[in-house]
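Thanks for coming. I will go through one model, starting with a helix and moving on to aromatic rings. Please have the structure open.

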Amino acid sequence: MLLHFKVENFRSYAEAAELSLLRGAKQRALSDDARVVRCTANGPDVLRAAAIFGPNAGGKSNLLKAIMMLQRAVLRSAADDDVLPLDVFATSEFVSKPIHLEIEFVAGEGHFQYSVEFALGAVLSESLFRKSVGSRGSPTPLFQRTGNASDRAAAIEFSSDLKGHADIDQWRRNTRPHQLFLSQSQNLSAAPFLEDAYSWFRSKLCFVNTTSDDDAWYTRKRMNDLPFKRRMVNELIAADLGITEVKVRRTEFPFAQEVVDGKRVVRTMTAPNGLEFVHTPSLGPTFNLDFNDESDGTKYFFSLLGPLDD
């Protein structure tokens with residue numbers, strides 16, 4: 001059960017943004033079972049559902065993408081060298097700053113708090129805290145990591161319950177800079193101690209996507225037509241999305257060959273292979289975003305423009 005999530009310096013989020021499903025003061029009137037779940041008699045009251053709303057390109061999709069990115073890193077970083085995120089906030093001053101993620105959830109009888117920081121494909125910090133569901137005490141750190149002591153060993157401190165384990169040095173040696181320990185633990189003898197938390201990411205955190213990246217194929221394929229392209233840009237400008245231009249990336253490729261004066265000549269042609277949207281914010285520098293990196297709202301709006309133009 002997801003309780004709380006926090007993200008900072010990821011995609012459109014320069015500052016910290018939070019999503020909480022814990023019942024707050026404004027939801028005190030919500031007490032029926034249809035809208036509120038109570039884990040235990042002393043446990044937190046959790047909303048069964050929450051809606052995220054706001055203007056187009058306001059970060060709604062990116063909040064969900066941050067949760068999905070964390071799940072992917074937990075489940076795959078032990079096996080994939082390139083799984084850690086590099087999608088920092090889209091201005092140069094934030095490129096070297098870490099992406100910070102925190103998530104709080106209930107799994108089994110445990111109330112967990114997990115946080116990570118990434119920068120340039122390496123883990124800077126990682127920690128997992130646990131307490132029993134309904135406990136009023138402070139959570140206990142299962143492990144706390146502060147980067148890597150060297151290329152060969154992660155700097156990880158463990159709870160008193162685990163400090164005496166015979167394989168602790170092996171756990172540190174087998175956790176590389178790009179790997180989350182929570183991910184790598186499942187390949188080590190540490191797995192039983194962290195199974196509840198890992199299994200929550202694997203089996204309980206689920207996403208349902210009802211859209212396709214191919215929805216905009218018709219509009220995209222016609223962007224090579226300059227009058228059409230200008231009309232599409234004008235529509236984007238009129239929609240006040242902060243987009244002032246669309247650049248069509250082109251690729252040259254061979255399509256035929258022939259012999260001329262005894263020499264083989266390869267004929268080439270160019271074709272569009274992608275779009276970049278130019279953003280000109282009222283504050284800050286102009287920047288470009290690949291179409292696939294745009295907000296879902298912008299992509300959906302753009303996908304409708306071509307058919308509507310007809």
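**Helix α7 and its surroundings**

Helix α7, residues 296-309, has 14 residues and spans 20 Å from first C-alpha to last, close to the 20 Å expected at 1.5 Å a residue; the expected span is 1.5 Å times one less than the number of residues. Helices (H or I, at least four residues) and strands (E, at least two) are DSSP runs, numbered from the N terminus.

Before going further: this is a predicted model, where local features need pLDDT of at least 70 and side-chain atom pairs count only at pLDDT 80 or more, while totals for chains, interfaces and linings use all residues. Residues are numbered from 1 along each chain as its sequence is written, and side-chain values use heavy atoms, with hydrogens and water left out.

Which residues of α7 are buried? They are T298, K299, F302, S303, L305 and G306. Buried means under 20% relative accessible area, exposed over 50%, and partly exposed in between, with a 1.4 Å probe and protein chains only. Looking down the axis of α7, these buried residues fall within an arc of 145°, so they line one face of the helix. The arc is taken from the directions from the helix axis to the C-beta atoms. As background, an α-helix has 3.6 residues a turn, so residues three or four places apart point the same way.

Next, the neighbour. Helix α6, residues 226-238, packs with α7 at an angle of about 130°, the axes being 10 Å apart. Axes are lines fitted to C-alpha atoms, for helices over the stretch in contact, and angles run from 0 to 180 degrees between N-to-C directions. α6 and α7 are therefore oblique to each other; under 35 degrees counts as roughly parallel, over 145 as roughly antiparallel, 65 to 115 as roughly perpendicular, and the rest as oblique.

Now the rings. Rings of Phe, Tyr and Trp (its six-membered ring) pair if their centres lie within 6.5 Å; planes under 30 degrees apart are stacked, over 60 edge-to-face, and the rest tilted. By this rule there are 14 aromatic pairs. In one of them, F158 and F181 have ring centres 5.6 Å apart and planes at 70°, so the pair is edge-to-face. F158 sits in strand β9 (residues 153-158) and F181 in helix α3 (residues 181-184), 23 residues apart. Both F158 and F181 are buried.

F291 lies in the loop between β12 (287-290) and α7, and F302 in α7.

Finally, F105, F112, Y114, W200 and F201 form one aromatic cluster.
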